[in-house]
Amino acid sequence: MTRVGIIMGSDSDLPIMKQAAIILEQLEVEYELTIVSAHRTPERLFDYAKQAETKLDVIIAGAGGAAHLPGMVASITSLPVIGVPVKASHLEGLDSLLSIVQMPAGIPVATVAINNAKNAGILAAQIIGIKNTKIRQNVKKYKAQLEKIVTEKARKLEDIGYEKYLS
């Protein structure tokens, strides 16, 4: 069973949305990745969201500009939807962020930072990890690696000082 669906409104979103795929691969979470445009392929969007419950646990939806994709998908399915606002206009992604987080009551979309599909992938894995101990352990290992990296950086900074650290 595919666990996570990663969808985006356009292939121009792929350089951002691939971050979700990469982290899901690292965490050993199965996923599918495709293009589903809320505006250009509304029937495809409807069909995807309707069928999602038969094969997915979580949907990650990335969109720029008006960013209707995450909310439209969330309005059709009962699965958790994680929105990724994609910087696609002169508004630096703020338009996308506001479109995704300002969902009406009853249609929640979890939202990550602008262009942060990696966090969407991690959040999807954490949601799946509620019932899947292997994935939960993979997330714990990943976070332990982050702690190790930061601890090593802190130690280096303290040892050599900020000037050498920055050079």
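How many bridges pair β3 with β4, and in which sense, parallel or antiparallel? In this predicted model, the two strands pair in the parallel sense, over six bridges. One of the facing pairs there puts G62 opposite V84 in β4.

β3 also has a partner in β1: these two strands run parallel and are joined by five bridges. Within that pairing, G5 has I59 of β3 as its bridge partner.

| Strand pair | Sense | Bridges | Example pair |
|---|---|---|---|
| β1 and β3 | parallel | five bridges | G5 and I59 |

β3, α3 and β4 together make a β-α-β unit, and it is right-handed. Helix α3 covers residues 69-76, and six of its eight residues are buried, so the rest of the structure largely encloses it. The buried ones are L69, P70, G71, V73, A74 and I76. And what covers them? Strands β1 (4-8), β3 (58-64) and β4 (81-86) are included, along with helices α2 (42-52) and α4 (94-101).

Last stop, the largest pocket, which holds about 190 Å³ of space. It is lined by 17 residues, and G9, H39, R40, A63 and G64 are the closest to its centre. Sorted by class, the lining of this pocket comes out as seven nonpolar, eight polar and two charged residues.

How values were computed: Residues are numbered from 1 along each chain as its sequence is written. This is a predicted model: local features need pLDDT of at least 70, side-chain atom pairs count only at pLDDT 80 or more; totals for chains, interfaces and linings use all residues. Side-chain values use heavy atoms; hydrogens and water are left out. Buried means under 20% relative accessible area, exposed over 50%, partly exposed in between (1.4 Å probe, protein chains only). Helices (H or I, at least four residues) and strands (E, at least two) are DSSP runs, numbered from the N terminus. Contact means heavy atoms within 4.5 Å. Two strands pair if DSSP finds at least two bridges between them. A crossover is right-handed if, with the strands pointing away from the viewer, the path from the first strand over the helix to the second runs clockwise. On a 1 Å grid over the protein atoms alone, a cavity is a set of points where a 1.4 Å probe fits but cannot get out, and a pocket is an open set with protein on both sides within 12 Å along at least five of seven lines; lining residues have an atom within 4 Å of a point. Grid points are joined across faces, edges and corners, and a volume is the space filled by probe spheres set on the points. Ala, Val, Leu, Ile, Met, Phe, Trp, Tyr, Cys and Pro count as nonpolar, Asp, Glu, Lys and Arg as charged, and the others, Gly among them, as polar.
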